[in-house]
Each structure stands twice: as C-alpha cells, then as structure tokens.
Amino acid sequence: MKRALCLMLLTVLIFLAGCGTAPVRKEPEIPAQRPVSEYVNPDVTYAIDVFDPWEPMNRRIYNFNAIFDNVIFLPVVSAYEFVLPTFVQKGITNFFNNLTEVTNLTNSLLQFKFVKAVTTFGRICINTTVGIGGLIDVATLNDGITREDEDFGQTLGFYGLGPGPYLVLPILGPSNVRDTTGLVGDSVVYSMMIGQLIGHLGLDDTQESVLNYSLTGVYAIDKRSNEPFRYFKTGSPFEYDLIRKLFLIKRQFQIDN
C-alpha cells in the first residue's frame, strides 16, 4: 500500500514538474491582421515622384467617394451579393472579363508585347467558345492561361508619356492625367464593341439603350464587388497619401512590365 502511494506521489510530482517547465507556445502572427501602415510608411520616400498640384480638390473628391461608397455603392453591392448565388456572380465576372480582353489584346499589340497578345487572343477564343460566351474561364481553369491586363494608360506610358498630375476621379478613384486619357480611350473601344454586340440582337433603339445602360450598371457593381478596398479602413491616419503613393508605384510597375 505504501509502495503504491509513493509511486502515485512520484507520478504527480513528475507531471507537475513537466507542466512547470513546458515552453509556452506563441501563436504565429497573421500578417493580414496588421494594418497597412505597418507595411508601408507614407513618410518614407519611394523611388517615384508624387505630383499633386490639385491636392485640395482631390481630397474633397476622395471624401465624396468615401461617402458615396458607404451610403450608396456598397449597400447596392451587398444586395447584389445577397440576391445572386456565388456561381452566378462568378459567371458575370468572367463574362465581363472576357469582353474587356479586347482592350487587353489591342494594348498588348500597341506595346509590341506579342507573347501577351497571343496569350490574350487564345483566352478570347477558348472562353468565348468552350466557356459559353465567357461565362466560364476555361482558359485559366483547364489550360492555365492566365489573364494579361493591359490598358491604354500603360500604352501611353510605354511610349514615354509621363503620368502628369495626380487626379482623383469621382466614384472611380485614384488616377492621373495620362491614365484618365487612357481610360477614355479604353472606354470608347469597349462601348463600340458592346454597341456592335447589341446591334446584332435586332432590338429597337429604346431596347438597345436599356440593355446598354443595364450592362454598364451590372459591370460597375460587379467590379466593385471584386474590389476589397474600403475607405478609411487601411489603419493609416494618412490614408490619402498612402493610397496615392501605392497607386503611383503600382502603375509604374505595370508600365515597366
């Protein structure tokens, strides 16, 4: 009996000693939970010029965009996401991505990026046919042919045109004079293409206008749905400066590549 009690006591003491000396496990830090300001310091000078002569106006537009986004745009996006199943939303995204491949192809050719042009042309052919008009991104899923994003702003930059003054566009957000010009050019090409497609449906003028505006609205909602950015959620007290810097760096990177 005494031997059993001693053995039990010894076991308890070993257990307690093990608990006392066991290392405390530290949970790994999840980078996504850290604010953006810890990654990018807006006070650090990056290798890119910031030319913002219209800053007072740009800041007012930025604040307007934040109000519009929270009061109107995001509630509409939430309703869109609530009503439509995820697979339908994905199909809509794929459809519009396939339509805008035309501008990717055009700008790749203008920049003599022939490999990207061939890739984009292959995506258009595969997704338009096998992908049922672009509703399914077969090129990426089955063939691993990823999307190549090229726009007219990048084309202008490729030919040496500088960005010009920084500009915040109403609703659309960060831009500059060069990229705004490029956006207009891409929009003209996109509108002409949509007009040609709608024209083949045999609708009257009123029906064509309704369909055109409907597609434009759905495109805008779908694009905002796929954009994770939320105003004043970066964790930085200098969000305007941070977004401006990141946008200019991103655009320069896209032009260089």
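Ala, Val, Leu, Ile, Met, Phe, Trp, Tyr, Cys and Pro are counted here as nonpolar, Asp, Glu, Lys and Arg as charged, and the others, Gly among them, as polar. The structure is a predicted model, in which local features need pLDDT of at least 70 and side-chain atom pairs count only at pLDDT 80 or more, while totals for chains, interfaces and linings use all residues. Residues are numbered from 1 along each chain as its sequence is written, and side-chain values use heavy atoms, with hydrogens and water left out.

Open spaces were examined on a 1 Å grid over the protein atoms alone, where a pocket is an open set of points with protein on both sides within 12 Å along at least five of seven lines, a cavity is a set of points where a 1.4 Å probe fits but cannot get out, and lining residues have an atom within 4 Å of a point. Grid points are joined across faces, edges and corners, and a volume is the space filled by probe spheres set on the points. The largest pocket holds about 2200 Å³ of space, and its lining is made up of 50 residues, of which Leu-172, Leu-183, Tyr-219, Lys-223 and Glu-227 lie nearest its centre. Two or more residues of this lining come from each of helix H2 (55-83), H3, helix H4 (101-110), helix H7 (152-158), strand E2 (173-176), H8, H9 and helix H10 (239-256), where helices (H or I, at least four residues) and strands (E, at least two) are DSSP runs numbered from the N terminus. H8 gives the most to the lining of the largest pocket, with nine residues. By class, that lining comprises 19 nonpolar, 18 polar and 13 charged residues.

The second largest pocket has a volume of about 260 Å³ and is lined by 14 residues, of which Phe-95, Leu-99, Met-193, Ile-194 and Leu-197 lie nearest its centre. The elements giving two or more residues to this lining are H3, H5, H8 and H9, and H8 gives the most, with four residues. The lining of the second largest pocket has 11 nonpolar and three polar residues, and no charged residues.

Asn-94, Asn-97, Asn-98, Glu-101, Arg-123, Asn-127, Gly-134, Ile-136 and Asp-137 line the largest cavity, with helix H3 (86-99) and helix H5 (114-129) as the elements that give two or more residues to the lining. The largest share, three residues, comes from H3. The lining of the largest cavity divides into one nonpolar, five polar and three charged residues.

Helix packing was considered next. Two packed helices are described by the angle between their axes and the distance between the axes. Axes are lines fitted to C-alpha atoms, for helices over the stretch in contact, and angles run from 0 to 180 degrees between N-to-C directions; angles under 35 degrees count as roughly parallel, over 145 as roughly antiparallel, 65 to 115 as roughly perpendicular and the rest as oblique.

Helix H8 (residues 177-199) and helix H9 (residues 205-225) pack at an angle of about 130°, with their axes 11 Å apart, and the two helices are therefore oblique to each other. In this contact (heavy atoms within 4.5 Å), Tyr-190, Ile-194, Ile-198 and Gly-199 of H8 meet Glu-208, Leu-211, Asn-212, Leu-215 and Tyr-219 of H9, a set that divides into six nonpolar, two polar and one charged.

H3 packs against H9 at an angle of about 110°, with the axes 10 Å apart, which makes H3 roughly perpendicular to H9. Gln-89, Ile-92, Thr-93 and Phe-96 in H3 meet Leu-215, Val-218, Tyr-219, Asp-222 and Ser-225 in H9.

For H2 and H9 the angle is about 95° and the axes are 9 Å apart, so these helices are roughly perpendicular to each other. The contact joins Asp-69, Phe-73, Leu-74, Val-76, Val-77, Tyr-80 and Glu-81 of H2 to Ala-220, Ile-221, Asp-222, Arg-224 and Ser-225 of H9, and its residues divide into seven nonpolar, one polar and four charged.
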